[in-house]
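Subject: Structure handover and notes

Dear colleague,

Please find the structure below, with the notes that go with it. I would be glad if you could read the two side by side.

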Amino acid sequence: MDASDELDVFGFGSKADESSKSSKERPVSRAALDEYYDTTNKRRGVALVFCHMNFSTMAKRNGTDKDRNDICNSLYALDFEVRVFDDLSRKEVLETLKEVSREDHSDNDCLVVIVMSHGEQGVLYARDNKYNVDSLWKNFVGNSCPSLIGKPKMFFIQACRGEQFDEGVAFAARAAPKDMVDSRHEPVVYSIPAMADLLVMYSTYEGYYSWRNPRQGSWFIQSLCMELDENGRVRDLLTLLTGVTRRTAYEFQSFVPHDAKMDCMKQIPCIVSMLTKTFYFTKKTRSKVVTDID
């Protein structure tokens, strides 16, 4: 007889719960046979773009309108139904997320949420107030949104996460060389972790500033757009996002010649992935852009 699993937490024993469900009632695990997410649904899915330029008490985020327009075009080209929200209040942001979580996503491949705003460690700012960053996905994980269970839910966040600067590290690199199925008859309920199939990509590492140019947009969003535009159809998601990290880290450096403390700084995005399969943006019928300007 197999031994019971235990928690790696002090104080929790291995005594079985007497009220646990019988083996016929409880969900079961399954072999990890499927390597790829299903992209044969009718639609790619919804992409929410929250763009914050103007705030009640904080500095205006010049250049974020370019980020908004560019990321909308990139997502539209990958067949998303893009919905744009400008300068929403905290209440409006949270209500929008809740409303979308209540929609039927059964015919969609995935969900994307883009947020561009001011931020601090663990929080983001709406027009009037701040909210916890995990409020973005809490309505979409576990049983909160049944029609997205088992589908990738991707969140991209352009915001500061602290007040540290990344000064970078100098190194000398060598020149690169030039050539370089389940057929059961009875219904079975499978169980997966509540946070499975979630991906969050931050524009910067925890505790650090995130950079944005007032005319050219933010380093992270512009890198994301370039990677999606150039390779979105041919590379899997995590390879694409590694490319975004590489572009941001290598191709950008702050230019603030009048302030030595801020000049020549670097930035590295951070990926937190609970994806369980490989995801590709396969070709679909062209979708649409929906704009809701506050």
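Where pLDDT is low, the predicted coordinates should not be read in detail. For the protein as a whole the mean pLDDT is 86, and 79% of the residues reach 70 or more.

This is a predicted model, in which local features need pLDDT of at least 70 and side-chain atom pairs count only at pLDDT 80 or more, while totals for chains, interfaces and linings use all residues. Residues are numbered from 1 along each chain as its sequence is written, and side-chain values use heavy atoms, with hydrogens and water left out.

The secondary structure comes to 4 helices and 14 strands, where helices (H or I, at least four residues) and strands (E, at least two) are DSSP runs numbered from the N terminus. Of the 294 residues, 44% count as buried; buried means under 20% relative accessible area, exposed over 50% and partly exposed in between, with a 1.4 Å probe and protein chains only. The accessible surface is about 17500 Å², and 49% of that belongs to carbon and sulfur atoms; accessible areas come from the Shrake-Rupley method with a 1.4 Å probe, and for residues only the protein chains shown count as cover.

Helix H2 (residues 90–101) has 12 residues, which at 1.5 Å a residue should span 16 Å, and its end C-alpha atoms are 17 Å apart, which agrees; the expected span is 1.5 Å times one less than the number of residues. Buried in H2 are Val93, Thr96, Leu97, Val100 and Ser101. Seen down the axis of H2, these buried residues fall within an arc of 135°, so they line one face of the helix, the arc being that of the directions from the helix axis to the C-beta atoms. They pack against strands S1 (43–51), S2 (81–86), S3 (108–116) and S6 (130–132).

The loop between H4 and S13 holds Pro269, which is buried at 7% relative accessibility. Leaving out residues up to four places away in sequence, Pro269 touches Met201, Tyr202, Ser203, Thr204, Phe220, Thr245 and Thr248. Its C-alpha atom is separated by 9.9 Å from that of Arg247, 22 residues apart along the chain. Cys264 lies in the loop between helix H4 (237–251) and strand S13 (270–273); it has a positive phi of about 60° although it is not a glycine, and at 36% relative accessibility it counts as partly exposed.

A positive phi is also found at Asp79, a residue other than glycine, with a value near 80°. Asp79 is in the loop between helix H1 (64–77) and S2, and at 2% relative accessibility it counts as buried.

Met195, in the loop between strand S8 (162–164) and strand S9 (198–202), is partly exposed, with a relative accessible area of 36%. Apart from neighbours within four places in sequence, Met195 is in contact with Trp137, Val141 and Met274, and the C-alpha atoms of Met195 and Leu275, 80 residues apart along the chain, are separated by 9.1 Å.

As for the cysteines, a search of the whole structure finds 0 disulfides, a disulfide being a pair of cysteine sulfur atoms within 2.5 Å. The sulfur of Cys72 is 8.4 Å from the closest cysteine sulfur, in Cys51, which is too far for a bond. Cys72 is buried at 7% relative accessibility, and Cys145 is buried at 1%.

Notes: Contact means heavy atoms within 4.5 Å. pLDDT is the predictor's confidence in each residue, from 0 to 100.
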